[in-house]
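Hello,

Here is the structure we talked about. Please have a look, then read my notes below.

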Amino acid sequence: MNPGSRPDTGNAALTIETRGLTKRFGHQLAVDAVDLAVPPGSVFGFLGPNGSGKTTTIRMLLGLAAATSGTVNLLGMDMPGRFQEVLPRVGALVEGPAFYPFLSGSANLHRLDAAGRHTVPATRRARVDAALERVGLAHAARKRVHAYSLGMKQRLGIANALLSHRDLLVLDEPTNGLDPQGTREVRHLVRSLARNGTTVFVSSHLLPEVEQMCTHAAVMRAGRLVAQGSLAELRRAGSTRARILTPDAGDARKVLLHLGLEPADAAAQAEGGVLVADLDGSIPAEDLVAHLVAAGVRVRGFTVERESLEDRFVALTGEGFDVAQ
Amino acid sequence: MPSSVPAEVPGAPAVPDLALPRRSGLSLMVSELRVLFGRRRTWALLLALAAIPILIAVAVRLSSSVPAGRGPAFLDRITQNGLFVAFTAMLVSVPLFLPLTVGVVAGDTIAGEANMGTLRYLLVAPAGRVRLLLVKYAAALTFCIAAPLTVAAAGAAAGAALFPVGPVTLLSGDVIQPGEAGLRMLLIAAYLAVSLAGLSAIGLFLSTLTVVPVGAMAATVVVSVVSQVADQLPQLEWLHPWLFSHYWLGFGDMLRQPVLWDAFGRNALLQTGYIAVFGALAYARFTTRDVLS
């Protein structure tokens, strides 16, 4: 799937839409012409290695940083121009939780809720209590945040994002600092929110996390969007190849070449030679065997290998611990 | 996050009620004052200010006598009338202690939030940058009112506890009753609060420049010292009427009968100018700044 192509949901209906979104810090392009298209109701994974521009993009989505060029549209409205209408409908966790250490968890949420211009004071206590209950922090509500563990702060940050009904949740690395149990809970929470119609935009550098909870994903690399679409589309975009085990490797090669494929030799096995060919979709894999057999090639083994999402992710972002430049 | 908890938060409106009339900054203002005056640091600042008159009262009580005309103004009158502890303490705290505490509070306004990271969450709430700036300044002004009041109250209390209290002789020679002297103290506290308003605006602006609150605090205090030093240099006489600290010690007119309002008025006008200039600078900076902390 090409970076620029969009899911066919109709642009007006997109929950997040950016066009040519660019952020330059001095000489460095932190975000380079990103066209995000997040369909409503999706759980959208925003993948990329550390330093690939995910958080900077999120800051621009929320109006914390101004774009050098390009536009942002959230819930059908221009950002940051209409932040007063947009942001009350958006819950956010940006670059980790941040709270007043000298206030209790509950007092922190009261404070941040009071900061919103349109929140209803009459329901504040009930909403704060419900949000704390929902992330499993009710027992620590009166404790000062100073005494919270990293995981508890992370939960409190998620509770803050859930203080009101939200149409969009933007969660930047929501499982950072959480134990496996907490990670599982976040996953459940995201799914239950999505069931209720909230669009969830989750950034992560962990592919398994995205595979487990997202319906869609986009991949960032060095400030550029290198892929985006539904997980199925992203998987399809990866290459498939046929692996043929045959004692008649020479004949098989001719057949494959005749079909327009580019066979390559792989390590031979005891039963015969092994040929590998990338399938470009012009010939269905199942027809390949028929062609071979028709040409008198004996086939001992035939497998179609699909590139895993992980292979694809690594292919897109590069491997290893190199932080993107 | 147990699944048994209902998905919808009870009491939350299905959609944010945008039909509600736009609310003032009141909710945020109350919250801001709670955070400011609920903080141990703020109490430490006020306690330090309260310690000044107590220290003066105790020192005078312990020493046999203060020779007339030595030490800060009014000091020699304390033994006859405890209320002068408050006047002396207010005078003593003007050059350094009040600007120091105000510098801490005003320098912390935006930089402190940025440093904790809470600034991004306030803005996403959304607090609105202009509204947040106004609320922060209003809270700093509240501290400017609280600080001299603390000195006055602690001074009156310490003076009354250690010395006799009686009618007060004003600078104009008239004598007023202790009750009216209390009113004059409030008047001086008001004068000092106005005096500190300009410095608060400078602190607010400096606070929008950095994410290191200590830097903004120190810079604000330094600015106040520089202004006072410049006010002492005869070579800079042309500049003196424009320095925000120029009228800081002019509250003696509050101790005349009738009260002379000239200094009060000129001071208020000057401070308004500083509020306008540095408020505008803070606005220009804060509304365009990228919040990256």
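**Helix pair in chain B**

In this predicted model, the axes of helix 6 (residues 129–162) and helix 7 (residues 178–207) of chain B come within 8 Å and cross at roughly 145 degrees. Axes are lines fitted to C-alpha atoms, for helices over the stretch in contact, and angles run from 0 to 180 degrees between N-to-C directions. Helices (H or I, at least four residues) and strands (E, at least two) are DSSP runs, numbered from the N terminus.

The crossing of helix 6 of chain B past helix 7 of chain B is right-handed.

On helix 6 of chain B, the contact includes Y137(B), L141(B), I145(B) and L149(B). On helix 7 of chain B, M185(B), L192(B), L196(B) and L204(B) are among the partners. Contact needs C-beta atoms, placed from the backbone, within 7 Å. The contact residues of these two helices divide into 17 nonpolar, three polar and one charged. Here Ala, Val, Leu, Ile, Met, Phe, Trp, Tyr, Cys and Pro count as nonpolar, Asp, Glu, Lys and Arg as charged, and the others, Gly among them, as polar.

**Sheet in chain A**

Chain A has an open, mixed sheet of six strands, in the order 7-8-9-4-10-11. Strands pair if DSSP finds at least two bridges between them. Strand 7 (90–93) and strand 11 (224–230) of chain A are at the edges with a single partner strand each, so one side of each has no neighbour in the sheet. The twist from one strand to the next averages 10 degrees.

Strand 8 (residues 168–172) and strand 9 (residues 199–204) of chain A run parallel, joined by five bridges. L171(A) sits opposite V202(A) of strand 9.

Helix 1 (residues 54–61) of chain A lies across strands 4, 8, 9 and 10, at about 150 degrees to strand 8. Helix 11 (residues 309–317) of chain A lies across strands 4, 10 and 11, at about 30 degrees to strand 10.

**Domains of chain A**

The domain assignment, automatic or from a database, gives domain 1 (16–236) and domain 2 (238–315). Their centres, over C-alpha atoms, are 44 Å apart.

**Conventions**

Residues are numbered from 1 along each chain as its sequence is written, and chains are lettered from A and ligands numbered from 1 in the order written. Local features need pLDDT of at least 70, side-chain atom pairs count only at pLDDT 80 or more, and totals for chains, interfaces and linings use all residues.

Best wishes

Note on methods
A crossing is left-handed if the near helix is turned anticlockwise from the far one by less than a right angle, and right-handed if clockwise. Two residues are in contact if their C-beta atoms, placed from the backbone, lie within 7 Å.
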